[in-house]
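Hi,

Here is the structure I promised to pass on to you. Have a look at it first, and then read on for what turned up.

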Amino acid sequence: MASPLSVLITAEVNEGNLSPITLELLGSARDLAGKLGGQVGCALLGSGVADVAQQIIAHGADHVVVIDVPALQDYLSDTYTSVMETVVRQTDPEIVLMGHTSMGRDLGPRLAFRLGAGLATDCIELDIDNSSKQLLATRPVYGGNARATFATDTHPQMATVRSKAMTPLPPDPSRQGETVTLSTMPDLTVGLTLSDRVKEEVKGVKLEDAPVVLGGGRGLGGPEGFQQLDDLARALKGAVGATRAACDNGWWPASSQVGLTGKIVAPDLYIAIALSGSSQHMAGCSGSKTIIAINKDPEANIFKESQYGVVGDYRQVLPAFAKRVKDLLEK
Amino acid sequence: MPKLIVCAKQVPDPEAPPGSLKVDTSANKVVLPASISPVVNPYDEQAVEAALRLKDALGGSITVISLGNNLQRDVVKKPLSMGADELILLEDPAFEGGDAWSTVTALAAAIKKVGEFDLVICGRQAADWDAGQVGLGLAEMLGLPVISLAQKVEVMDGRVRVERVIPDGYEVIESSLPALITVSNELGEPRYATLKGIMAASKKQPAVWTPADVGLDASQVGEVGRKSKLVRLFQPTKEAHCEMIEGESVEEAGTLLADRLRTAKVI
Ligand SMILES: Cc1cc2nc3c(=O)[nH]c(=O)nc-3n(C[C@@H](O)[C@H](O)[C@H](O)COP(=O)(O)OP(=O)(O)OC[C@H]3O[C@@H](n4cnc5c(N)ncnc54)[C@H](O)[C@@H]3O)c2cc1C
Ligand SMILES: Cc1cc2nc3c(=O)[nH]c(=O)nc-3n(C[C@H](O)[C@H](O)[C@H](O)COP(=O)(O)OP(=O)(O)OC[C@H]3O[C@@H](n4cnc5c(N)ncnc54)[C@H](O)[C@@H]3O)c2cc1C
């Protein structure tokens, strides 16, 4: 490689498509590399994934390290950590970024401890310090009640990045980049065995992509309340999310939990119903364009996070609201 | 019979109302009002619960390790009153101001001192700094296989079988022992302490270890043992304004809310 590698990101591919987080990471990586005067690399791990390398280049990478082997079909902690360790040692980047996703939450800390690198997880802002040229990684702490900016003297410096926190670049199909492979492969025999994978069927719109999300909380009182939300969501071509309190009660699938330890959504409209607006829940939906709230407690924190609100029992407010929404949509 | 170790952290109650916590930006420190009391990190209570379920099924013993300063005995003893057997506190001014690296260094040394074990169980993340690093880092430092985000943990035939939460369901992963597991809230509610448990816990004295007790130099732990430095701690400012929609009745307010969204071109 001609100039040094400033930033290496780890790509994520889902059913043959690049995950949005990868494009977001590339956008951020270009910005950081620009400030450091170096290049952007991307590690592409998986099985049957080589096809997307060109797309990664179009979105901002200068080099793509492709490790396309059957053993990497599924994310497994051991294999991915070993391969990423090899990629980092071969490419010697100053900064390593990955998504704070199901994969990055597991891989990020393991890789950091294996490399002896300082890591900031779940970052929402990344910058380069003008004088030290170090990465400044900002992340919410205390459930979102405060923010902390970290730096590290280690090489490399590492961060995992929250979904939807960074902006992708528009693709440029004429961008040039190179595709490389690993000069030596690590041993991929593993101690862990993956024996089963149980997936919930998602009907309708995917929560993370839905333009409208209805969020239900403990105040719904049971699964019946969620049926009302689901009914309205259908009319709005939206999806239903829930607070942890509601998921822990089994009223709605845990895979639809929104928040710090659940899904991150950023729809045009988030309708918060009978949830208090805890900082941990808001961590997953505060990026929504408009938030509206229905809650019987005028002091509920959710009203501090919303643009429009109604104080009242959802059992009375919601049916009237839903009926009018459906009428308006039919017009 | 499995020997189990649980790492449990004391944190300020994360369910305290948003906004009650303040930051002293000149000192880069969090200022906690007296109304926020310390608790055992909720995920770590679930780690204790996972260990107790194994103990219920198979027998064995549970040792809990907590690192921190100003550890309130009635708080950190909660795992004992739930049914854990032993408590070790890593409590010394030298542990102050550490990061994930220095925390892992200290916990790993303590675990080695405890000796043989089958499973180390951690929470998925601490509710104060929300890093989610310590469990995975411990596994790396101790050279253990690790399975994160467990919703179910079973031990059989010298192996551990874990249901690991993934975005759209779960996967089943098995590992040899010893191993390290981090647990997620899908595991289910931790049990309450029983009166008998509380009585038993009150009689137990935790062991208190310093860096020297676990064979570490003070320069390897706390602030001096860090790999990452806190540059700035602050609170985001919010320009919140909520337009409250009212009507003759709450039903009417619901209707007017829909109308307002239409005029604002939101729907
Ligand atoms: C004054 C002060 C200064 C700080 N400065 C820095 C800094 O400069 N750089 C920096 O990166 N961080 C700093 N921190 C935060 C740092 O100490 C974090 O606690 C550390 O990074 C670990 O992250 P976490 O607490 O979120 O634990 P996580 O990694 O989220 O913890 C995961 C799991 O590990 C176990 N665990 C974690 N901690 C303990 C513990 N203490 N005892 C027992 N088990 C535990 C639990 O099972 C827990 O569920 C500072 C904190 C304070 C109070
Ligand atoms: C480390 C950590 C991570 C977490 N991660 C998440 C996360 O990812 N997502 C998440 O959601 N939570 C998370 N939590 C939990 C979070 O702290 C809160 O406990 C949770 O969000 C509360 O859910 P809730 O708002 O539904 O319940 P509550 O706080 O109990 O609020 C219920 C609300 O409903 C209102 N209400 C009651 N009845 C009615 C009615 N009939 N009509 C209208 N309103 C009514 C009440 O006024 C109240 O405001 C996390 C916590 C920790 C410590």
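Strand 5 (residues 63–68) and strand 12 of chain A run parallel and are paired through three bridges; strands here are DSSP runs of E, at least two residues long, and helices are runs of H or I of at least four, both numbered from the N terminus. Two strands count as paired if DSSP finds at least two bridges between them. Within this pair, A:Val65 sits opposite A:Val180 of strand 12 of chain A.

This is a predicted model, where local features need pLDDT of at least 70, side-chain atom pairs count only at pLDDT 80 or more, and totals for chains, interfaces and linings use all residues. Residues are numbered from 1 along each chain as its sequence is written, chains are lettered from A and ligands numbered from 1 in the order in which they are written, and side-chain values use heavy atoms, leaving out hydrogens and water.

The pair belongs to an open, parallel sheet of seven strands in chain A, ordered 7-11-6-1-4-5-12. Strand 7 (118–123) and strand 12 (178–180) of chain A each have a single partner strand, so one side of each lacks a neighbour in the sheet.

There are also two cis peptide bonds to look at. One joins A:His155 and A:Pro156, with omega about 0°, and A:Pro156 is in the loop between strand 10 (146–152) and strand 11 of chain A. Another runs from B:Leu177 to B:Pro178, with omega near -5°; B:Pro178 lies in the loop between strand 11 (169–176) and strand 12 (179–183) of chain B.

Enjoy exploring!
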